[in-house]
Amino acid sequence: PRLIWAMLFLMLATRRFLSLNSDINIEKKILDASFYIAIAGLFFPLCWLFFGVLFLSIFLHTAVQVRYLIIPVIGVLVVFILKTTYHFLVDDGFEWFFTPWFEMSFNFGAYNSLGILITALLVALFILWMGNMRLIRISALPKKERSSAWLILISLIFTMFMAVLGDVKTGAELLLPVFPLAIISANYLEVNEGSGRAKPFDFWFKELLMWFLLLISVVLLFV
């Protein structure tokens, strides 16, 4: 459950920092994104790596100002104060501050399960395929969309590192790269490529791909 909550808050943060290119309410968007990332870090500490993506987004989408770089610190402090207050009221102390908050695990024993192994292989194949397709097409995107495409690819790389380095090795960690991968896949499916005879092929290929993903998801429930 904590990975699901972490992924949910990362999705909210991603939505906020991708919208920085609109130049509207920049300070609020940065504060929201930093707040969401900090909360995600409470559930899964490696989510704090996403602050790297947030700062990169600030540099790519805004005319960088010092206050933009200070705002994420404020977001972290707010979450820290709220967590400290909670533990002080509930536990009547600050012991939580001295307990280890980050652990790594490289125990991939759960992947001996056929269902988890097949799921991991499919996710890996889609990452390689969709990542390469997106990388090839970035240069053809409008200039305003190009930076967002790079941020999604970088987010995908970060979530892969988080899945590998994190202490959760039950197969649930495969959820982490799913949300940036889903954005890349959705963009691929929405693009109308080709002309003439190529169009029917592209249409049916994408339709079959969607049905294949749906079918394999149902099959894996029983493996």
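1. The largest nonpolar core holds 48 residues; such a core is a set of buried Ala, Val, Leu, Ile, Met, Phe, Trp, Tyr and Cys residues joined through side-chain atoms within 4.5 Å. Phe17, Phe44, Phe50 and Met162 have the most contacts inside this core. At least two core residues come from each of helix 1 (2–18), helix 2 (26–43), helix 3, helix 4, helix 5 (114–137), helix 6 (143–165) and helix 7 (178–190). Helix 1 gives the largest share, 8 residues. Helices are DSSP runs (H or I, at least four residues) numbered from the N terminus.

2. This is a predicted model, in which local features need pLDDT of at least 70, side-chain atom pairs count only at pLDDT 80 or more, and totals for chains, interfaces and linings use all residues. Residues are numbered from 1 along each chain as its sequence is written, and side-chain values use heavy atoms, with hydrogens and water left out.

3. Beyond its neighbours within four places in sequence, Phe44 is in contact (heavy atoms within 4.5 Å) with Arg2, Leu3, Ala6, Met162, Gly166, Asp167, Val168 and Leu176.

4. The axes (lines fitted to C-alpha atoms over the stretch in contact, with angles from 0 to 180 degrees between N-to-C directions) of helix 3 (residues 50–61) and helix 4 (residues 66–91) come within 10 Å and cross at roughly 150 degrees. Helix 3 is therefore roughly antiparallel to helix 4 (over 145 degrees). Phe51, Leu54, Phe55, Ile58 and Phe59 of helix 3 meet Tyr68, Leu69, Pro72 and Val76 of helix 4 in the contact.

5. Trp5 lies in helix 1 and is partly exposed, at 45% relative accessible area (buried is under 20%, exposed over 50%, partly exposed in between; 1.4 Å probe, protein chains only).

Conventions:
Parallel < 35°, antiparallel > 145°, perpendicular 65-115°, else oblique.
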